[in-house]
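Please open the structure in a viewer and display the backbone as a cartoon.

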Amino acid sequence: SFSIDGLDENIEKSLQLLMDMVNNPSSDQQTLDRLKQIIIERREDAKKDPPTISAAVVQFHRYDKDSSFLRMMPGEQVKALTAGELFELTKGLLAYKHSVSYVGSLPRDRVIELIRKYSPAGGPLKDATPYRYKKMREPAQTEIYFFNKETAQSQMQIDFPGETYNEARVPAGNLFNNYFGAGMAGLVFQELREARALAYAVGARYVTGARTGDQNYMVGAMGTQTDKTPEAVEAFLQLFDAMPVSEDRFAISKSALLNSFTSSRLGFRDVLGTVRSWERLGLEPDPRKARYELAVAADVNLMVDFYKTQIGGRPKLISITGDKAKIDMARLAKLGPIREVTQDEIFVK
């Protein structure tokens with residue numbers, strides 16, 4: 001994607017300059033060599049950074065060899081890249097079907113005129129590569145991937161896949177998210193940090209797909225004191241599999257959800273991006289009215305039914321980065337088989 005922000009009076013010169021850079025890119029060898037060096041150095045730094053290591057363990061656990069950390073170009077290929085290879089990629093982009101969004105004060109016809117002038121189609125456009133859906137692994141039983149690193153705290157994440165995006169379940173999913181994992185008022189924060197002091201930071205969310213055919217998934221993440229890791233994981237799993245139901249908490253979370261509908265408004269610059277996000281989900285028109293009305297009519301049973309059918313009792317992918325010398329690994333192993341993963345497994349070389 002390419003974007004320009006600026007004054008409408010400069011749009012023609014800006015668009016002309018942008019298209020020239022896309023179609024006729026240039027750079028010196030010294031700049032390219034420095035870029036390669038920066039990429040390699042950042043990758044080496046990432047292998048020492050606990051949050052990045054934790055993210056790589058999660059990706060490997062979710063997608064195995066399809067992890068985004070393993071789909072990067074290997075270091076030796078990065079070093080062998082030429083400016084010509086890179087520039088050919090951008091020079092060919094506008095030969096594919098693409099969309100243009102504009103927000104500003106110029107009339108529609110003027111914007112179209114400028115696009116045609118500086119980005120002419122030049123014949124039929126090629127179809128883009130089909131969208132690549134990623135599917136999370138579905139374990140037969142709860143399992144643990146563990147990366148051993150001497151750190152002050154353990155980073156833990158619990159994931160499991162859900163169903164394909166279904167608009168009909170979105171209102172119930174929103175109610176569940178507000179009740180279970182929404183900020184400091186959510187159940188997981190109140191139970192794991194406030195009541196039991198097991199977490200430095202904790203949160204959870206049922207994530208819905210971004211386009212038709214996408215997979216939903218559940219995620220919960222926590223930073224905890226290293227020696228408390230097994231206890232923290234046990235407590236988190238208990239909330240997932242035996243979620244306490246409170247009418248009072250539900251009423252508060254429902255009220256917060258309804259307030260978010262009535263108090264949040266789309267700024268004019270956000271309209272096009274939001275509409276495109278609805279189009280990717282096959283939603284027409286604005287789905288917020290229907291979601292709001294369903295939320296108004298909802299009772300606690302709608303959320304509980306969602307929890308029972310989509311959340312409770314599912315086998316889980318537990319990913320942990322921590323110092324095993326300070327962790328009761330035998331206690332942890334009672335929650336599921338442990339596989340200790342290595343740096344070479346989770347990062348591309």
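Predicted model: local features only at pLDDT ≥ 70, side-chain atom pairs only at ≥ 80, totals over all residues.

Residues are numbered from 1 along each chain as its sequence is written, and side-chain values use heavy atoms, with hydrogens and water left out.

**The whole chain**

Select everything. The chain holds 15 helices and six strands; helices (H or I, at least four residues) and strands (E, at least two) are DSSP runs, numbered from the N terminus. Along the principal axes, the C-alpha atoms fill a box of roughly 65 × 55 × 35 Å. Of the 349 residues, 36% are buried, that is, under 20% relative accessible area with a 1.4 Å probe, protein chains only.

**The sheet**

Next, select the six strands. They form an open sheet with mixed pairing, in the order β3-β4-β2-β5-β1-β6; two strands pair if DSSP finds at least two bridges between them. β3 (201–207) and β6 (338–340) are the edge strands, each pairing on one side only. From one strand to the next, the twist averages 15°.

Now select β2 (residues 153–164). Ten bridges join β2 to β4 (residues 215–225) in the antiparallel sense, and Thr-164 has Gln-215 of β4 as its bridge partner. β2 also pairs with β5 (residues 317–322), again in the antiparallel sense, over five bridges. At that pairing, Asp-159 stands opposite Leu-317 in β5.

Move on to β1 (residues 143–148). β1 and β5 pair in the parallel sense over six bridges, and Tyr-145 has Ser-319 in β5 as its bridge partner.

**A helix across the sheet**

Select helix α7 (residues 170–180). Helix α7 lies across β3 and β4 and runs at about 175° to β3. Such angles run from 0 to 180 degrees between N-to-C directions, with axes fitted to C-alpha atoms, for helices over the stretch in contact.

**Lys-254**

Finally, select Lys-254 in helix α10 (residues 247–263). Which side chain of opposite charge is nearest to Lys-254? Asp-299 is, at 7.8 Å; Lys-254 is buried yet has no salt bridge, a term for a side-chain nitrogen of Lys or Arg within 4 Å of a carboxyl oxygen of Asp or Glu. The side chain of Lys-254 does reach the backbone oxygen of Ala-298, at 2.7 Å. Not counting residues up to four places away in sequence, Lys-254 touches Leu-175, Ala-295, Val-296, Ala-297 and Ala-298, where contact means heavy atoms within 4.5 Å.

Methods:
Buried < 20%, exposed > 50% of the residue type's maximum accessible area, 1.4 Å probe, protein only. Lys, Arg positive; Asp, Glu negative; His and termini not counted. Polar contact = N/O pair within 3.5 Å; in protein donor to acceptor, adjacent residues only side chain to side chain.
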